[in-house]
Amino acid sequence: MLDIDCPNCALNVQNAVRMLTCVKDTRIVYATATLDVVLEDDANSFEARREILETIRSCGQDLELSEEEREELSAERSWYQENRERVLMLISGTMLVAGLITEHIMGNETRAIPFYVLAAVAGLVFVAPMAFAALKRRTADMNVLMGIAVLGGLIMGFAGDPSTFGDAAIVIFLDQIGEWLEGWSMRKTSGSIKELMKLAPEEAHLVQGEGPDAHVEDVAVEDVEEGERIRVLPGERVPLDGVILVGSSSFNEAAITGESTPKDKGVGAEVYAGSLNTTGVVELEVTADEDCTMLSRIVAMVQGAQAEKAPYESFVDRFAAVYTPIVVCCALVVGIGVPLVLSLMVGFSGQLWHDWIYRALSLLVVACPCALVISTPVSFVSAITRAANNGVLVKGGAYFDIASKVTAMSFDKTGTLTTGNPSVVGMRALGGASEADVLAIAHALEDSSTHPLARAVVARAHELDVPELEATDVQEIAANGVKGTVAGVSCAIGKLAFAQEEGNVSPEAEAAVSELANQGATALVIMRGGEALGVVGVADTIRPEAAEAMAGIRNAAHVQTLEMLTGDNLQAAEAIAKPIGMTHVVSELLPDGKVQYVRDLQADGQVVAMVGDGINDAPALATADLAITMGAAASDTALEVADVALLSDDLLQLPRFLALSVRTMHVVTENICFAILVKALVFVLVIAGVAGMGAAVFADTGVAVIVILNGMRLILDSTFAW
């Protein structure tokens, strides 16, 4: 990890490291303060690391090293080196305050000069390493510009204008404060991700042996392998992903899914690393090593997202790259060209040269692109962190931009709009039988089946506590049904065609099948002794929050079209779509059909978001402008393809994410426009002689602080959305 203050500092470090002969390529991610380095094939790793560290420190920055790394690289630093930034800022600030008191309260401008000079010199010592590093690369960054402006102010002061001493001291002190605030803001926005990384404990209680010989040994998490058993005690966090083998407990998964309500889990249930075990002792079979847990994937995805640049960031970088040299050239013209021409026209005047040079120095401060460069990343990092804290993973700032423009959302049905768990939604008893009779026969036949429809019937029988009967000679006919003998009578359960083969299906039974089918349910006919005993309707259940989520989506963004794309028949699809307010249903689609439909929407000029969770959704997810998956239950393929993942499987996170996206883009636009407009206004006022160094400082440091605080509202405003 790098200890850096601003984007320009990050760029300095990146370019300086890139120039090293042992380095093939490097990239610095300011948002995450990380430096990725690719060494040359013949480079010595140890020597290269030493050289990279020395180069970074020569730029006035540092690496966050562990004690072991400090010893290995002999990288111990003195107290002053460790606290250089704060010491120089304290000296500069103290001397500036002393000078202001001496001049404005005691009324002695002459005695204030030494204080101002010391404040300015301390500030120059602060920027000097970064400025020299930039000059070595033959570039003029903000540190070079600020250094020239302050040095010029001191020279003008010694040349006879004592007022410039105070200007120089104020400019450099505010620059130090601005850089410290920028660094603080980025540490604040990335702090929650660092805390997330610390959620999983470093040790696990490894269970070794079986039965009476079993014993527990505390080992480092990285030494636990997939398939081994670990024990988690009440009040402890789960160290690794696993499946419960023994015991049951309630787990708080807020750090993983954003869902604050603890979930009760028993044998066979999956738990995630970082979850808090609240009540009971459980033993888990580890299903993922340290680098592959859900928590690790979340951290990696968020850090990767912060490294990705949105189009707005690229625009700002390009703008700043052109803006800065243009303003520097203008400063040269203003400071040398204009007074030279005027001297030739009206004669030499020291005051004339003084005024225009002062304006040029002010322009150098205005030329610093810091406020522009930081205007967008702080907003995106804040938004990404805010979303992650609430169980929504966004893989990059660009996806907030796309989400704010989405006009059509397409949804898979099963597992997305529905729970993915079929249940009994209707029942018709025939020929004088009771519903308990019907369920008792169905339960006896389906008890040993693993088919989802069979499990739904069995669950309903248990729920109503119907009498348990035993079936013999049970035969499961694939894709049709089950038959066997219950209490000495031949019985069967299955689809209508299968039931008709097993006996007489009355018109009343056929009507019941038709009625349940119209409701979107799969109708199972129960036969006893060759006659229809009853009909059970089984269907996937709608997520309880689905209707509210669809209404929220319409209110949160510019979405006008909500479509369901499903492989089910039209009746089943409409039974789900109508109650929740979908505008359109497309049924009986294969995966390639979903892809084509998304392409058709895009061809009509729609910005399409696709929401799904299964492998069959992956092609459509990849085709859509924005891919959103229900992350906790999603297939690995869908999660990999997705741009956004809802880890809590809560559809209400969708409108919240869309609202956050719209809000984020408003903040980004505000920051960019504000930074450009203020700099343009001050640029004109400085040339006109109306504004001076104070306004220039505001256009640089002041605006930088304002856009930082404005961007941080996305993470600090607790009243927004979530």
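Student: Is Asp465 buried or exposed?
Tutor: Asp465 is exposed, because its relative accessible area is 65% and the cut-off for exposed is over 50%. Keep in mind that this is a predicted model.

Student: Where is Asp465 in the chain?
Tutor: Asp465 is in a loop. That loop runs between helix H18 (452-464) and strand S17 (471-477).

Student: What about the phi of Asp465?
Tutor: Phi of Asp465 is positive, near 55°, and the residue is not a glycine. Most residues other than glycine have a negative phi.

Student: Which other aspartate has a positive phi?
Tutor: Asp473 has one, at about 55°, and Asp473 is not a glycine either. Asp473 sits in strand S17. Asp473 has a relative accessible area of 63%, so it is exposed.

Student: New topic. Is Asp412 buried or exposed?
Tutor: Asp412 is buried, because its relative accessible area is 6% and buried means under 20%. Asp412 lies in the loop between strand S15 (408-411) and helix H16 (413-417).

Student: What does the side chain of Asp412 pair with?
Tutor: The side chain of Lys594. The two make a polar contact of 3.0 Å.

Student: What else touches Asp412?
Tutor: Skip the neighbours within four places in sequence. Then the contacts of Asp412 include Leu417, Leu565, Met610 and Val611. Gly612, Asp613 and Asp617 are also among them.

Student: How many residues apart in sequence are Asp412 and Val611?
Tutor: They are 199 residues apart in sequence. In space, the C-alpha to C-alpha distance between Asp412 and Val611 is 6.3 Å.

Student: And Thr416, where is that?
Tutor: Thr416 is in helix H16. Thr416 is buried, with a relative accessible area of 0%. Its contacts, leaving out residues up to four places away, include Val611, Gly612 and Asp613. Phe411, Arg543, Met630 and Leu651 are on that list too.

Student: What share of contacts in the chain joins residues 24 or more positions apart?
Tutor: Among contacts with a separation of 6 or more, 66% join residues 24 or more positions apart.

Student: Let's zoom out. How many helices and strands are there?
Tutor: The chain has 27 helices and 26 strands. It has 722 residues, and 52% of them count as buried.

Student: How many residues are in the largest nonpolar core?
Tutor: The largest nonpolar core has 59 residues. Among those with the most contacts inside it are Met146, Val171, Val365 and Met693. H6 gives the most to this core, with 11 residues. There is also a second, separate core of 45 residues, including Ala546 and Leu626. In soluble globular proteins, nonpolar side chains tend to be buried together.

Student: What does Val365 touch?
Tutor: Val365 touches Met146, Ala149, Val171, Met693, Ala696, Val697 and Asp700. Residues up to four places away in sequence are not counted.

Student: Now the outside. Which residues form the nonpolar patch on the surface?
Tutor: Trp79, Tyr80, Val121 and Val125 form it. Together they have about 400 Å² of accessible area. Helix H4 (79-82) and helix H6 (109-136) each give two or more residues to the patch.

Student: Last one. What is the accessible surface of the chain?
Tutor: About 31,200 Å². Carbon and sulfur atoms account for 56% of that surface.

Key: Residues numbered from 1 in each chain as written. Predicted model: local features only at pLDDT ≥ 70, side-chain atom pairs only at ≥ 80, totals over all residues. Heavy atoms only, no water. Patch = residues over 30% accessible without salt bridge, like charges linked within 9 Å, V, L, I, M, F, W, Y side chains within 5 Å. Areas by Shrake-Rupley, 256 points an atom, 1.4 Å probe, with all protein chains shown as cover. Salt bridge = Lys/Arg side-chain N within 4 Å of Asp/Glu carboxyl O. Helix = DSSP H or I, 4+ residues; strand = E, 2+ residues; numbered from the N terminus. Core = buried A, V, L, I, M, F, W, Y, C linked by side-chain atoms within 4.5 Å. Buried < 20%, exposed > 50% of the residue type's maximum accessible area, 1.4 Å probe, protein only. Contact = heavy atoms within 4.5 Å. Polar contact = N/O pair within 3.5 Å; in protein donor to acceptor, adjacent residues only side chain to side chain.
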